[in-house]
Amino acid sequence: MAEMGSKGVTAGKIASNVQKKLTRAQEKVLQKLGKADETKDEQFEQCVQNFNKQLTEGTRLQKDLRTYLASVKAMHEASKKLNECLQEVYEPDWPGRDEANKIAENNDLLWLDYHQKLVDQALLTMDTYLGQFPDIKSRIAKRGRKLVDYDSARHHYESLQTAKKKDETKIAKAEEELIKAQKVFEEMNVDLQEELPSLWNSRVGFYVNTFQSIAGLEENFHKEMSKLNQNLNDVLVSLEKQHGSNTFTVKAQPRKKTKLLSRLLRKKNSDNAPAKGDKSPSPPPDGSPAAPEIRVNHEPEPPSSAAAGATLPKSPSQSSLPAVVVETFSATVNGTVEGSGGAGRLDLPPGFMFKVQAQHDYVATDTDELQLKAGDVVLVIPFQNPEEQDEGWLMGVKESDWNQHLELEKCRGVFPENFTERVQ
């Protein structure tokens, strides 16, 4: 019997809840249709808007903080791998090996400490801050349902009072339900009216504490990391002093000029081609012997005494090519146009893009290259034909040559970009 009674109570409660949902749905429909008035509280609605905004901002902050922590962890792993590489390449007989290893260990500990403090002082605080929102959000939703119950009970009571045939028993019961619904709603409403503004105002102190913690931890981390980096630098300086003769030389990227030379040679051959019907080439105007046949090899071949005169040298400046070929090669690489002269000179070369300064000496290996000394300033200009530009090489004229009013065609040339640094 007790079990049956328990089941009866449960069934009754379910039926009551179903009836409440139906009544609320009916009330909301009437309110939307304008057939029933709705209790409004603009002050509370503003509090709810602030609450939702605060929840959105906090959720975003939590997400970004987790991303930041993941980045710190990834950077820690990358730093650890880099230090492990240093330990592997640092040979046993080099001075400072033990110091370098100790610095690597301290570097690893510093990253671990930084990550853990961020978790303790920022992320856990963030989680605690957001932990209060789900309960309040649930109570706001419940308060909304109780408000609908209150409006429904009020409308039911008013309809019974205005009915032509009044039933005092029903009116009394409706009034009792109205008082009960109003009491439940007002209790929840009062609590939230006090809690929501307090929560909204707390955001300022929370944001201040959170970002102060992050900033302070990051500042201390970088201070300590700076000391370790300085110690490592001192160790490497000591190593350099003892092995200073074996310095690393900066090299320019190789240039690929096979296509360019092919175009030049085709142009030269077409210019020197005999007239139609003339089967023998004409001798050069100055009476010098005819130029030997020239072949372009895409892959280097070992020179032989029989083919020495038929293989193209590495550059026109080192070859026995006629002067016209060397001049044509130089003019084409430099992007000049025959007959352009020095016309149109301005304060800067035509098409000037930016300035660079040589960081290392560069010895030109071809007639179209600039000879650079460390400190030389070069005015960078574009290639007239972008296809002629090799990767890692720029076209320019030294500022000192330009200031001396030298002709652009005579003083410009190409140079390796990695020997320079942009200054303007």
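Does Ser 79 count as buried or exposed? With a relative accessibility of 12%, Ser 79 falls under the 20% cut-off, so the residue counts as buried. Please keep in mind that this is a predicted model. The points below start with the helices, then move to the sheet, a loop residue and the aromatic rings.

- Ser 79 is part of helix 2, which covers residues 42-89.
- Leaving aside residues up to four places away in sequence, Ser 79 touches Asn 107 and Trp 111.
- Thr 59 also sits in helix 2. Its relative accessible area is 40%, so Thr 59 is partly exposed.
- Thr 59 and Leu 130 are 71 residues apart in sequence, yet their C-alpha atoms are 7.4 Å apart in space.
- Helix 3 runs through residues 97-131, and its 35 residues should span 51 Å at 1.5 Å a residue. The C-alpha atoms at its ends are 50 Å apart, which agrees with that expectation.
- If you trace helix 3 along its length, look for a bend of about 35° at Val 119.

- Five strands make up an open sheet: 5 strands in the order 4-3-2-1-5, paired antiparallel.
- Strand 4 (412-416) and strand 5 (420-422) are at the edges; each has a single partner strand, so one side of each is left without a neighbour in the sheet.
- From one strand to the next, the twist averages 45°.
- Strand 1 (residues 354-358) and strand 2 run antiparallel and are joined by 4 bridges. In this pairing, Phe 354 stands opposite Val 380 of strand 2.
- Strand 2 (residues 377-381) is also joined by 4 bridges to strand 3 (residues 393-398), again antiparallel.
- How many residues of strand 2 are buried? The count is 4 of its 5 residues, so strand 2 is mostly covered, with buried meaning under 20% relative accessible area.

**A loop residue with positive phi**

- His 405 lies in the loop that connects helix 8 (399-403) and helix 9 (408-411).
- Most residues other than glycine have a negative phi. His 405 has a positive phi, near 60°.
- His 405 is exposed, because its relative accessible area is 60%.

**Aromatic rings**

- The structure holds 10 aromatic pairs.
- One of these pairs is Tyr 129 with Phe 133: the ring centres are 5.5 Å apart and the planes are at 70°, so the pair is edge-to-face. Tyr 129 and Phe 133 are both buried.
- Tyr 362 and Trp 393 make an edge-to-face pair too, with 6.1 Å from centre to centre and 75° between the planes.
- Where in the chain do Tyr 362 and Trp 393 lie? Tyr 362 is in the loop between strand 1 and strand 2, and Trp 393 is in strand 3, so this pair, 31 residues apart, links distant parts of the chain.
- Tyr 362 and Trp 393 are buried as well.
- Phe 51, Tyr 129, Phe 133, Phe 206 and Tyr 207 come together in one aromatic cluster.

How values were computed: Residues are numbered from 1 along each chain as its sequence is written. This is a predicted model: local features need pLDDT of at least 70, side-chain atom pairs count only at pLDDT 80 or more; totals for chains, interfaces and linings use all residues. Side-chain values use heavy atoms; hydrogens and water are left out. Two strands pair if DSSP finds at least two bridges between them. Helices (H or I, at least four residues) and strands (E, at least two) are DSSP runs, numbered from the N terminus. Axes are lines fitted to C-alpha atoms, for helices over the stretch in contact, and angles run from 0 to 180 degrees between N-to-C directions. The expected span of a helix is 1.5 Å times one less than its number of residues. The bend at a residue is the angle between axes fitted to the seven residues ending there and the seven starting there. Buried means under 20% relative accessible area, exposed over 50%, partly exposed in between (1.4 Å probe, protein chains only). Contact means heavy atoms within 4.5 Å. Rings of Phe, Tyr and Trp (its six-membered ring) pair if their centres lie within 6.5 Å; planes under 30 degrees apart count as stacked, over 60 as edge-to-face and the rest as tilted.
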